[in-house]
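Okay, thanks for coming, everyone.

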Amino acid sequence: MSLALCVMLWAREGAEQALIEYEDRVLELVGAHGGKILQRARTGGGPEEPLEVQFLEFPSGAALDSYMWDGRRTVLAADRERAVARTEIFQVQLV
């Protein structure tokens with residue numbers, strides 16, 4: 001059963017471009033795990049809103065886990081820590 005996700009990302013103050021660059025790099029790996037980037041959008045990044053919202057789809061929970069633990073992604077953990085203040089992920093149903 002496929003999984004559809006809504007991912008919301010808030011940038012650390014002054015790290016908006018770093019968040020975008022980090023996401024550019026890790027989202028390149030989604031396809032290697034059978035996933036798809038359905039939509040990627042940005043807000044104005046105000047204090048109460050996420051800078052970036054993504055809709056992703058993976059063929060299974062195992063595929064998502066494989067992406068999350070991909071060594072090419074985890075090696076960038078320090079970059080993520082510097083750029084991303086908060087992440088919220090919701091499993092959604094696409095309509």
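Let me start with a pair of side chains: arginine 82 and aspartate 79 meet in a salt bridge, 2.4 Å from N to O. By salt bridge I mean a side-chain nitrogen of Lys or Arg within 4 Å of a carboxyl oxygen of Asp or Glu. Both arginine 82 and aspartate 79 sit in helix α4, three residues apart, so about one turn of the helix. Helices here are DSSP runs of H or I with at least four residues, strands are runs of E with at least two, and both are numbered from the N terminus.

Before I go on, a word on what you're looking at: this is a predicted model, where local features need pLDDT of at least 70 and side-chain atom pairs count only at pLDDT 80 or more, while totals for chains, interfaces and linings use all residues. Residues are numbered from 1 along each chain as its sequence is written, and side-chain values use heavy atoms, with hydrogens and water left out.

Back to our pair. Is arginine 82 buried or exposed? Arginine 82 is exposed, because its relative accessible area is 53%. The cut-offs are under 20% for buried, over 50% for exposed and partly exposed in between, with a 1.4 Å probe and protein chains only. Aspartate 79, at 28%, counts as partly exposed.

Aspartate 79 has another partner, though. It also forms a salt bridge with arginine 25, with the closest N and O atoms 3.6 Å apart. Aspartate 79 is in helix α4 (residues 77-83) and arginine 25 is in helix α1, so this pair ties together parts that are 54 residues apart in sequence. Arginine 25 comes out as partly exposed, at 46% relative accessibility.

How many salt bridges does the structure hold? Eight. Another one of them joins aspartate 24 and arginine 40, whose closest N and O atoms are 2.8 Å apart. That pair links distant parts of the chain, with aspartate 24 in helix α1 and arginine 40 in strand β2 (residues 36-42), 16 residues apart. Both ends are partly exposed: aspartate 24 has a relative accessible area of 33%, and arginine 40 has 27%.

Arginine 40 also has a polar contact of 2.5 Å with the side chain of glutamate 52. A polar contact is a pair of N or O atoms within 3.5 Å; within protein, one must be able to donate a hydrogen and the other to accept it, and residues adjacent in sequence count only if both atoms are side-chain atoms. Zooming out, Asp24, Arg40, Arg42 and Glu52 are linked in a network of salt bridges. If we skip neighbours within four places in sequence, arginine 40 is in contact with Ile20, Glu23, Asp24, Leu27, Glu52, Val53 and Gln54, where contact means heavy atoms within 4.5 Å.

Now for an arginine with no such partner. Arginine 73, in helix α3 (residues 71-74), is buried yet has no salt bridge, and the nearest side chain of opposite charge, glutamate 23, is 6.4 Å away. For charge, Lys and Arg count as positive and Asp and Glu as negative, while His and the chain ends are not counted. Beyond four places in sequence, arginine 73 touches Tyr22, Val26, Leu29, Tyr67, Met68 and Arg80.

Arginine 73 turns up again at the largest pocket: 16 residues line that pocket, and Val7, Tyr67, Met68, Arg73 and Ile89 lie nearest its centre. The elements giving two or more residues to the lining are β1, α1 (16-27), β3 (52-58), α2 (61-68) and β4 (84-92). Of these, α1 gives the most, with four residues. The pocket holds about 210 Å³ of space. Grid points are joined across faces, edges and corners, and the volume is the space filled by probe spheres set on the points.

Last stop, tryptophan 10 in strand β1 (residues 3-11). Tryptophan 10 is buried, at 9% relative accessible area. Its side chain reaches the backbone oxygen of glutamate 49 at 3.2 Å. The C-alpha atoms of tryptophan 10 and alanine 85 are 5.5 Å apart, although 75 residues separate the two along the chain.

Conventions: On a 1 Å grid over the protein atoms alone, a cavity is a set of points where a 1.4 Å probe fits but cannot get out, and a pocket is an open set with protein on both sides within 12 Å along at least five of seven lines; lining residues have an atom within 4 Å of a point.
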